[in-house]
Amino acid sequence: MPETAAPLTPGDGQDLLARYKRAWEERDPDQAVVLFRDDAVYRFDPFEPELAGANAIRAYWNDQVTDQADVEFDVERVWTSGRTALASWHAAYTRRSSGERRRIRGFMTFELDDDGLISRFREWAISHTVSGASSG
């Protein structure tokens, strides 16, 4: 019977979120995609279809970072349960296309395989504009 990987520690979860933070703040899809299995499932909005596989995840990250500048991402709290890391977080970025500054607060889960790669990512977030371009 094959051995399964040990449960994640809080430090493992913090390390994973630090790598995610670096990828987003540096607007680097390459750093983001290496966190995921090739067949990973990525759901960034519970009301939108999930993304499946490395190509879909890369395309999503490419689109996001193209229109973002001055990204800030901070984890508020990390929990682990088995091979899952859970985190509450907040972030902000400026939309390059409009100059709007967006603030986001959310919760995310990362389910990791035995090799430490994300097999399933889920996110719930609320965002709003705090400054920048106006419609009037």
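**View 1. Helix H3 and its span.** Helix H3 (54-66), in this predicted model, has 13 residues and reaches 18 Å from its first C-alpha to its last, close to the 18 Å expected at 1.5 Å a residue, where the expected span is 1.5 Å times one less than the number of residues. Helices (H or I, at least four residues) and strands (E, at least two) are DSSP runs, numbered from the N terminus. Residues are numbered from 1 along each chain as its sequence is written; local features need pLDDT of at least 70, side-chain atom pairs count only at pLDDT 80 or more, and totals for chains, interfaces and linings use all residues, while side-chain values use heavy atoms, without hydrogens and water.

View 2. Ala54, Ile57, Tyr60, Trp61 and Val65 are the buried residues of H3 (under 20% relative accessible area; exposed is over 50% and partly exposed in between, with a 1.4 Å probe and protein chains only). They cover an arc of only 130° around the axis, which puts them on the same side of H3; the arc is taken over directions from the helix axis to the C-beta atoms. The face turned away from this buried side carries the exposed residues Asn55, Asp63 and Thr66.

**View 3. Packing of the buried side.** The buried residues of H3 pack against H1, helix H2 (29-33), strand S1 (36-43), strand S2 (51-52) and strand S3 (68-81), with contact meaning heavy atoms within 4.5 Å.
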